[in-house]
Amino acid sequence: MKQNSHIFLVLTLLFFLIPLLVLVAQSFSAPWRFQTGAGLDWELRSYEQLLQNPMLWKATFTSICIGFVVLLLNVLIGVFTGKALTTVPFKGKPWVEALLLSPILIPVLAIAMGLHIFMIRAGLADTALGVIIIHLVPTVPYSIKVFHNSYQQIGRAMLEQPHILGSGFFRQLFTVELPLLKPALRSVTFLTIVISLSQYAITAVIGGGRVLTLPLVFFPFLENADASVMSAFSLWFAVIPVWMYILVEAAILLLPYSRLPWRNKR
Amino acid sequence: MKSFNLKHSLLFLPAVLFMLLPLYGLLTAVLNSFGRHRGWTLDYYRQIFESNRFVTSLVFSLQTALIATLLSILIGIAFTRSFYPILEKMAPRVSVWIPMLFPHFVWGYMVILLLSETGVAAQLLTAAGWIADPQQFPILTRDPDGIGIILTYVWKEVPLVILMLLPVYASIRPEYYALVDTLGGSAWNRITAVELPHLLPVLMETSLIIFSFTLSAYEVPALLGTTFPEMVSVLSYDWFYGSSWQKRPLAFAAMVSISLVLLVLSFIGYGYLNKARWRAMRGSRS
Amino acid sequence: MSPTTLEVKQLKKSFQEDLILNGLSFQLKKGEILSVVGPSGSGKTTLLRVLAGLETPTHGSLWMNGKDITATKANRRDISLVFQQPLLFPHMTVEENIVYGAKVSKKYNKQKVERLLEAIGMSRYRNHFPAEISGGQQQRTALARAMATEPEVILFDEPFSSLDPSLRQDLRYWVRDFLVEQKTTALFVTHDMEEAMIMGDQIAVFQDGTFQQIGEASVLHHHPANQKVASFMGGHLILNENEFVPLGDIQLSPGHGDGEVRTFQGRMEHLTYQHGHPVAHINVPALGSRVALPVQQVTTDTEEVTLHIPTSRIQRFEVNQHE
């Protein structure tokens, strides 16, 4: 057991923690030339260069706005569908579940290409709204799955209880279901934002290069920015989900029966 | 069941509206691949399957995706199996999930930073005197064998596999292991009799998700691949976005071919799972 | 005569081919407690779910205080349901759980919640979360939450079966007293005849989708309507579909009376002690049944016994009593 945890520590350091530290170290120093025997030159130049770029701020803002709306729609669709899958009895449920997962089993690029002409006709091509809609495709199936699992854990009996006591649909949703779905809300926040930030190809296809999100700035950066700036940019990508997570955590505190973490339970 | 009423159906409305997107998108892609606007034809399929570029690309894509998926699953199982008691604690779990915080292409950049010929690893090995020159470092990124792509995917998907398997391992009751042991089972029996039935549905689904993604995603191969052979997604994207619109139907035909492969695989996977589940249910009833 | 609170008329419920409720009719008077007892899997829970509004009946109607509530949804019915599991909301404290019941039914006032907390003895634990209190305390809180909605009728679905036996015993009397004190109309479902007799003013024996008999414990014991009721009560030896004899009238030795006597050969398989009396478990092949017979003392040392039944004591079922 002891030995096991040593192996775990070595593997985790090597494959997960050290790469992250390398990224951080590189972002705060000039590009490395260890082979010449040079050491680290600590500097903030990469961040200055990155943050002075007006495109970065614009793209960050666009990405956050798109990510936020995508998240809201994911929660809406995920909660309703998760509840329906748990409480409505019908035949062939496994197939419906598989069908709802299918959008992430079909290439999203094929779907985006197929929807492109429709988006042009509907006036959604080259707009943020169009990008939001296409970002739903790779995210919603995960959200449905997460919320479905969570509802199943709560159980049908617990979901009937507020109804018997006299609660209406929305009251039940806000007073009982959403507070019990907190862990699911957190996972969905992370999943949705990271996936939305990961989409270069479908954003380019539907946004036509005019909806400038962070990935669309990242790829051209690769051509001419040095390792320090690229490392800083890479870390910038991780800051956004963390930031959004804090925002959602604050929103969760507004739910009924939430207890402020610093307040004693009793 | 009488209780399927209007209000219940309304709960499904958002999902139904959402499902229209991928269904419509895929349908349009299929129609376009058969030349919807220029007269129905199989010509585009003939063209791509006669072109050496596409066929090589298809084989390369399938091979790369398959290797990446198998490695991710196997490493993920081994890791979860060995360490799931440790992973119940918060800090170890969060460390393992670090790669999930980054988009795929950012992690791809990380692989370049660490493992390219001018990367950190090559520099350190040179400085340590293990190799004379960074140029002697093996070519692991932008290589014709797809090593860089596979590395990125495996590195990024192993945490996903752990995420999916962890609740399963945590939910296997130790009594089952005790049962196998008292019946005189071996360690191998423990895996096949106790773990596999629990893991199978999750493994099937996770494998399908990873295989579909690695087969069809654009970003990582665009960053870490070469021009020949290239992944189908990159090829299709070029055809779709190329200088002329002439090649768009080829892009559709290529993506539809890939989709077909994935749909058939998914059908087999889910069909098998449902049959197994159905059998298990019947078994427990009688 | 108190007014009728709940009236059930010709209730039927079927799932696919299975008929779970088959033309069930009964009335509950205000303040009355009715125990429904029946074997596991007989559809008792379905009956409660139909009454609560969680399932729609296939046929028949429900009336509350003279109003038809068959089509009323569960959250608009003045009926509460306490389950086997307490099902307290884990993210609310004891007090919040009770207040929740009061508020959603728009019957909140502070004094009432205080009174309920006091009544269930949970005032000290009002700020505890469900995970921090015992099973019995959870079940009491669930009861208080159900009571806080001020229901016309409160339904219980084996509420004590997940508790350990000693706690179950205490809680039975407590709930019974509580319901009587609050003058609550209640329907109490259980598979345990003893529990049914403690909880209910009247007892309904539920089997095959309908009530075989409704009555006080003594009526059910002395005048069982049919074989099913008699076998459920366990106080008689059933001779055939029309005749039975109270266990107390069966002798293991030839009696002194000069009346006609019927005898059956049996084999004693076990001897147990219940409530301070030896009980002989006798297999009677001729009747195809086993009988648990309280005996005065263990007289025989052989396993073979003879049951002596005075013919004058043999009674007939009051067949089709209430049809």
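**Figure 1. Salt bridge between A:Arg210 and A:Asp126 in the predicted model.** A:Arg210 and A:Asp126 form a salt bridge in which the closest N and O atoms are 3.1 Å apart; the structure shown is a predicted model. The pair joins distant parts of the chain, 84 residues apart. A:Arg210 belongs to the loop between α10 (201–207) and α11 (214–224) of chain A, and A:Asp126 to the loop between α5 (108–121) and α6 (128–154) of chain A. A:Arg210 counts as exposed, because its relative accessibility is 64%. A:Asp126, with a relative accessible area of 31%, is partly exposed.

**Figure 2. Salt bridge between A:Glu177 and A:Lys83.** The side chains of A:Glu177 and A:Lys83 meet at 2.8 Å, N to O. Over all chains, the count comes to 27 salt bridges.

**Figure 3. Overall fold of chain A.** Chain A contains 12 helices and zero strands. Its C-alpha trace spans about 75 × 60 × 35 Å along the principal axes. Of the 266 residues of chain A, 58% count as buried. Among contacts in chain A between residues at least 6 apart in sequence, 73% join residues at least 24 apart.

**Figure 4. Boundary between the two domains assigned in chain A.** The domain assignment gives domain 1 (1–43) and domain 2 (50–253) of chain A, and their centres, taken over C-alpha atoms, are separated by 32 Å. Eight residues of domain 1 of chain A are in contact with seven residues of domain 2 of chain A. The area buried between these domains is about 550 Å², with carbon and sulfur atoms giving 73% of it. The side of domain 1 of chain A that touches domain 2 of chain A has five nonpolar, three polar and no charged residues. Zero salt bridges are found across this interface, along with two residue pairs in polar contact.

**Figure 5. Interface of chain A and chain B.** In this interface, 82 residues of chain A are in contact with 80 residues of chain B. The buried area is about 7,000 Å², of which carbon and sulfur atoms give 81%. On the side of chain A, A:Phe8, A:Phe16 and A:Leu105 lose the most area to chain B, together 11% of what that side buries. There is one salt bridge between the two chains: A:Lys145 pairs with B:Glu205, with the closest N and O atoms 2.5 Å apart. The count of residue pairs in polar contact is 10. Helix α1 (residues 2–27) of chain A supplies the largest share of the side that touches chain B, 14 residues. By class, that side has 63 nonpolar, 15 polar and four charged residues.

**Figure 6. Surroundings of B:Thr206.** B:Thr206 is located in helix α9 (residues 187–216) of chain B. At a relative accessible area of 1%, B:Thr206 is buried. Leaving aside residues up to four places away in sequence, B:Thr206 touches B:Ile73, B:Val161 and B:Met164.

**Figure 7. Salt bridges involving chain C.** C:Asp192 and C:Arg172 form a salt bridge, the closest N and O atoms being 3.1 Å apart. C:Asp192 is in the loop between β8 (185–190) and α6 (193–199) of chain C, whereas C:Arg172 is in helix α5 (residues 165–181) of chain C, 20 residues apart. C:Asp192 is partly exposed, with a relative accessible area of 22%, and C:Arg172 counts as buried at 4% relative accessibility. A network of salt bridges links A:Glu160, C:Lys13, C:Arg49 and C:Glu55.

Definitions and conventions:
Residues are numbered from 1 along each chain as its sequence is written. Chains are lettered from A and ligands numbered from 1 in the order in which they are written. This is a predicted model: local features need pLDDT of at least 70, side-chain atom pairs count only at pLDDT 80 or more; totals for chains, interfaces and linings use all residues. Side-chain values use heavy atoms; hydrogens and water are left out. Domain bounds come from an automatic or database domain assignment. Contact means heavy atoms within 4.5 Å. Buried area is the accessible area (1.4 Å probe) that two parts lose on being put together, summed over both. A salt bridge is a side-chain nitrogen of Lys or Arg within 4 Å of a carboxyl oxygen of Asp or Glu. A polar contact is a pair of N or O atoms within 3.5 Å; within protein, one must be able to donate a hydrogen and the other to accept it, and residues adjacent in sequence count only if both atoms are side-chain atoms. Ala, Val, Leu, Ile, Met, Phe, Trp, Tyr, Cys and Pro count as nonpolar, Asp, Glu, Lys and Arg as charged, and the others, Gly among them, as polar. Helices (H or I, at least four residues) and strands (E, at least two) are DSSP runs, numbered from the N terminus. Buried means under 20% relative accessible area, exposed over 50%, partly exposed in between (1.4 Å probe, protein chains only).
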